[in-house]
Amino acid sequence: MKKYFMTVATVALFAIGFAASDEENNESQQTEQQQTEQTEQKQETEAERQAREQKEEAERQAREQAEKENKKKEILEQAQKAGYEKGFTVGPSSYITDDPKIYAKSYYTSRYGAPTSSEEKELYEAFVSIYLEAYEEGHKAQQ
């Protein structure tokens with residue numbers, strides 16, 4: 001009886017050990033699967049985040065470009081208006097002695113500052129050109 005008891009106890013001990021070992025393996029496999037799934041989700045989330053950031057950056061750049069174009073348009077409209085008014089109000093004697101280009105340059109720099117970049121210089125030159133054309137129109141309309 002003692003032999004049977006020891007044999008059964010040994011077999012039972014091994015059975016419990018194997019069962020516990022299988023549970024640990026299953027748990028570790030499940031944990032590895034969960035980690036793999038989480039990593040894949042994180043990678044997808046990272047890709048989505050990058051796509052969202054690129055989209056936001058493109059939208060921001062489009063807004064900035066539109067704002068620049070609107071500002072440029074407003075400045076050139078102001079050149080037309082200011083040039084016409086100045087040409088209309090200047091008398092015949094001062095028209096001969098004063099250079100309207102000086103008025104245009106002074107007006108631009110007092111309102112918008114001196115141009116510093118090549119883009120600003122192009123805008124400045126366009127402003128002066130439009131101002132001078134409008135100045136001539138205003139002066140002719142006065143006569």
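Glu-120 comes out as partly exposed, because its relative accessible area is 32% (buried is under 20%, exposed over 50% and partly exposed in between, with a 1.4 Å probe and protein chains only). This is a predicted model, in which local features need pLDDT of at least 70 and side-chain atom pairs count only at pLDDT 80 or more, while totals for chains, interfaces and linings use all residues. Residues are numbered from 1 along each chain as its sequence is written, and side-chain values use heavy atoms, with hydrogens and water left out.

Glu-120 sits in helix α4 (helices are DSSP runs of H or I with at least four residues, strands are runs of E with at least two, and both are numbered from the N terminus). Setting aside neighbours within four places in sequence, Glu-120 is in contact with Tyr-108, Ala-114 and Pro-115, contact being heavy atoms within 4.5 Å. Lys-72 is 48 residues away from Glu-120 in sequence, with 9.6 Å between the two C-alpha atoms.

As for the overall fold, the protein has four helices and zero strands, so the order from the N terminus is simply α-α-α-α, going by the DSSP runs. Of the 143 residues, 14% are buried. Among contacts with a separation of 6 or more, 79% are between residues 24 or more positions apart. Mean pLDDT (the predictor's confidence in each residue, from 0 to 100) is 80, and 73% of the residues reach 70 or more. Where pLDDT is low, the predicted coordinates should not be read in detail.

Then there is the largest pocket, with a volume of about 420 Å³. A pocket here is an open set of points on a 1 Å grid over the protein atoms alone, where a 1.4 Å probe fits, with protein on both sides within 12 Å along at least five of seven lines; lining residues have an atom within 4 Å of a point. Grid points are joined across faces, edges and corners, and the volume is the space filled by probe spheres set on the points. The lining runs to 17 residues, and those nearest the centre are Lys-68, Lys-71, Glu-119, Glu-120 and Leu-123. Helices α1, α3 (100-112) and α4 (118-142) each supply at least two lining residues, with α1 giving the most, at six. Sorted by class, the lining has seven nonpolar, three polar and seven charged residues (Ala, Val, Leu, Ile, Met, Phe, Trp, Tyr, Cys and Pro count as nonpolar, Asp, Glu, Lys and Arg as charged, and the others, Gly among them, as polar).

Lys-73, in helix α1, counts as exposed because its relative accessible area is 53%. Its C-alpha atom is 9.9 Å from that of Leu-123, 50 residues apart along the chain. Gln-78 also lies in α1 (residues 2-89), and touches Tyr-107, Arg-111, Tyr-112 and Phe-127, not counting residues up to four places away in sequence.
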